[in-house]
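Please look over the sequence and the model together before reading on.

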Amino acid sequence: MKKTVPTYELYGEKTGERPDFWLHCETIPSRSSLYHWEIGLHRHESFFQILYIAGGSGDAVFGNAVHMIEPPVVITVPPALSHGFRFSRDIDGFVFTILASHLKTTPGERSRLGAWLAVPHLIRLDGGEDAAYIAATLRRLAGEWETSRGNRADLLDAYLTAALTLAARLETSDDGDDSSQSENERRVQRFQALLQQHLRSHWPAAAYARELGLSQTHLNRITRAVAGLSAHEMISRKLVGEAKRELVFTRASVQEISFRLGFADPAYFSRFFLRETGVTPRAWRLAERERLGA
């Protein structure tokens, strides 16, 4: 008889009790010791996990595959993956559980980082500046999570993004340098950087194309080849993504959020959101926060 793999939320935590409920942190011994140092197979539909293990030993189980844990190591676990762990009693480190919808890049998104985030990884931190920086950043992330100091949310975001991006780079560095990356991928990355910079100014696709020294037709051809979307679709998706983050992770009104995103007319923002998602901003916020127990 096939054993059912249970699906857990954030270990039963009441996520809505903190404004930064998108992130939870605890030491690995504090949880694993309650279960005799073994966490059975389970999965999280909405959460991405990072384990930073500085000492001890054990095994990571992904489905039917077992991997030896050799510290110092970072382990990433994407949403919906069946996983479990066996730890030695001297295990030392942290586990971070993050709402996948809060990540800057969505696991499974059509990009190099999106593809990397969609599968589990064990990344050895056995030397080099990047490895040391990842370890230090994750320790800072754990320390900041325990505090209530100013600009805390921004620092949590920055530490998380830096650690994940560097971990992905560190693991893929053995494949060669950036010469393996196509010119089209580099152009899309430059487009995404400009998009982050000018999103709230509502630049049209033609303006981004001019800034990149391309025709709009050429830009669309490149973005469709790399991301599967036109430039306009990427702009709209980015705006919707930022709107969703504001709706879930802040208490700002729909009107305030529309102004933050550069919409002069809140009614137009609501129509835009409805057209892109099929629901109004308020209805989406209520449904999503209810789903997350916030």
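Among contacts in the protein (a contact means heavy atoms within 4.5 Å) between residues at least 6 apart in sequence, 70% join residues at least 24 apart. This is a predicted model, in which local features need pLDDT of at least 70 and side-chain atom pairs count only at pLDDT 80 or more, while totals for chains, interfaces and linings use all residues. Residues are numbered from 1 along each chain as its sequence is written, and side-chain values use heavy atoms, with hydrogens and water left out.

The protein has 11 helices and 9 strands, where helices (H or I, at least four residues) and strands (E, at least two) are DSSP runs numbered from the N terminus. Of its 294 residues, 45% count as buried; buried means under 20% relative accessible area, exposed means over 50%, and partly exposed lies in between, with a 1.4 Å probe and protein chains only.

**Helix pairs**

Two packed helices are described by the angle between their axes and the distance between the axes. The axes are lines fitted to C-alpha atoms, for helices over the stretch in contact, and the angles run from 0 to 180 degrees between N-to-C directions.

| Helix pair | Angle between axes | Distance between axes |
|---|---|---|
| H3 (residues 129-145) and H4 (residues 152-172) | about 155° | 9 Å |
| H7 (residues 216-227) and H8 (residues 231-249) | roughly 60° | within 8 Å |
| H8 and H10 | about 110° | 11 Å |

How are H3 and H4 oriented to each other? They are roughly antiparallel, given that angles under 35 degrees count as roughly parallel, over 145 as roughly antiparallel, 65 to 115 as roughly perpendicular and the rest as oblique. The contact includes Tyr 133, Ile 134 and Leu 141 of H3 together with Leu 156, Tyr 159 and Leu 160 of H4. By class, this contact of H3 with H4 has 14 nonpolar, 1 polar and 5 charged residues, where Ala, Val, Leu, Ile, Met, Phe, Trp, Tyr, Cys and Pro count as nonpolar, Asp, Glu, Lys and Arg as charged, and the others, Gly among them, as polar. Among the buried residues of H4 are Leu 156, Tyr 159 and Leu 160.

H8 takes part in two of the pairs in the table, with H7 and with H10. Where H7 meets H8, the contact is made by Leu 219, Asn 220, Thr 223, Arg 224 and Ala 227 of H7 and by Ala 231, His 232, Glu 233 and Met 234 of H8, and these residues divide into 4 nonpolar, 3 polar and 2 charged. The angle between H8 and H10 is about 110°, which makes H8 roughly perpendicular to H10. Their contact includes Leu 239 and Val 240 of H8 and Phe 269, Phe 272 and Phe 273 of H10.

**Single residues**

Most residues other than glycine have a negative phi, and most peptide bonds are trans. His 36, although not a glycine, has a positive phi of about 55°, and phi of Trp 37 is near 65°, also a positive value. His 36 is placed in the loop between helix H1 (28-32) and strand S2 (38-42), and Trp 37 is in the loop between H1 and S2 as well. Is each of these residues buried or exposed? His 36 counts as exposed because its relative accessibility is 68%, whereas Trp 37, at 13%, counts as buried.

A cis peptide bond, with omega about -5°, joins Pro 71 and Pro 72, and Pro 72 is found in the loop between strand S5 (65-69) and strand S6 (73-77).
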